[in-house]
Amino acid sequence: MNDTLLIALYAFAGAAVSGLAGAGVLRLIRRRSLTASLAVVAAVGVVAMLAGTLAVAWAMFLSPHDLTVVTTVVAMAAVVSLATALLLGRWVVARSRALAVAARSFGDGGDFTAPDGPATAELESLSRELAATSARLAESRQRERALETSRRELVAWISHDLRTPLAGLRAMSEALEDGVAADPDRYLRQMRTEVERLNDMVGDLFELSRIHAGTLPLAPTRMSLYDLVGDALAGADPLAREHGVRLVGGRIEPVPVEVDGKEMSRVLGNLLVNAIRRTPADGTVAIAAERSADGVVVSVTDGCGGIPEEDLPRVFDTGWRGTHARTPPAGAGLGLAIVRGIVEAHQGRATVRNIPGGCRFEVVLPTAAS
């Protein structure tokens, strides 16, 4: 028993010294290549085995011949182990470099494609993560391009929409100043109309900037959708009469919701104005509010004739106004973008889909807590 314990102590001491030395070497070369680290790890295991075996062999007082045989066998095993470790290390490093080259491609704006051939489980997992990251980056680039396109269109459209009333105001003010206006009162009424139009446009821009900045102030209170829809219908009725459009408010359930009344009234007002302006005379605009599995759904249905399928994903984009046939004279393409921003600030969502003869805008809001 004492001999066995002594042999174990000798083997442990030799292996421990080798392990400590290997740990020190690994610390020194921690910034070197993976091949070097793998070679050190293999060498530590081999040297530890060699040291333990030789220590036991010396302790057992083997004959010189037996000691030489043991030493030769262990040394050959060490050489083979180190060579195998170096080959494996070079293979792993080659796979790592191929993965780095592939990762660099999507960093430069391309798509990530994992290198062909077998790989270790860790490198395979890293490839999957890089592929997922590449997909997310591609989506982000696409959103950024779409947003940049939307910004450029918005600047172009707003510039045009601002230039037109400003030119009219300038012409009318010069006519009044020179005393050549045939009907000054009519000019003043028209100037007031143009100023109100500019004020509304600036207000929409300010609201949209707060939405995009995430600083839209909300003061949610518990209220009934019946009251919200009723107020929105009353506010839109004069415009509907002017355009010869019938407003229908059927299937309006008195569902309680937690919303900012002012902002949600703006949402419903924008949807109704948008529907009225795009519905031909003698057409009908219907609004409904009811419960659903997802929450509370408020829908506005118009008779615009439908939206081209390729344009449906852009309806709520900033500045989008569609074809000329669907563009109202005073529109700036901000109303629906404001609708989506306010609804999303209420943790809801806004959607649109075509129906026979027109389209239906739906706003889904979470129900109020009981």
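**Stop one: an aromatic pair**

In this predicted model, the count of aromatic pairs comes to 1. To see that pair, select Phe316 and Phe361, whose rings sit edge-to-face, with 5.9 Å from centre to centre and 85° between the planes. The pair links distant parts of the chain, since Phe316 belongs to the loop between strand E5 (295-301) and H8, while Phe361 lies in strand E7 (residues 358-365), 45 residues apart. Are these two residues, Phe316 and Phe361, buried or exposed? Both Phe316 and Phe361 are buried, because each has under 20% relative accessible area.

**Stop two: the second largest pocket**

Next, turn to the second largest pocket, which has a volume of about 440 Å³. Select Leu147, Ser150, His212, Thr318 and Arg340, which are the closest to the pocket's centre of the 16 residues that line it. Now colour helix H4 (121-178), helix H5 (184-213) and helix H8 (335-345), the elements that give two or more residues to this lining. Which element gives the most to the lining of the second largest pocket? It is H4, with 8 residues. If you colour the lining by residue class, you will find 5 nonpolar, 5 polar and 6 charged residues.

**Stop three: the annotated spans**

Finally, select residues 6-26, 38-61 and 67-88, which an unreviewed UniProt entry annotates as "transmembrane region". Keep residues 67-88 selected, and you will see a span that is 100% helix and 0% strand, with its end C-alpha atoms 31 Å apart.

Key. Residues numbered from 1 in each chain as written. Predicted model: local features only at pLDDT ≥ 70, side-chain atom pairs only at ≥ 80, totals over all residues. Heavy atoms only, no water. 1 Å grid on protein atoms, 1.4 Å probe; cavity = no way out; pocket = protein on both sides within 12 Å on 5 of 7 lines; lining within 4 Å. Points joined across faces, edges and corners; volume = space filled by probe spheres on them. Helix = DSSP H or I, 4+ residues; strand = E, 2+ residues; numbered from the N terminus. Nonpolar A, V, L, I, M, F, W, Y, C, P; charged D, E, K, R; others polar. Phe/Tyr/Trp six-rings, centres within 6.5 Å; stacked < 30°, edge-to-face > 60°. Buried < 20%, exposed > 50% of the residue type's maximum accessible area, 1.4 Å probe, protein only. UniProt positions renumbered as here; feature names shortened; annotations may be inferred.
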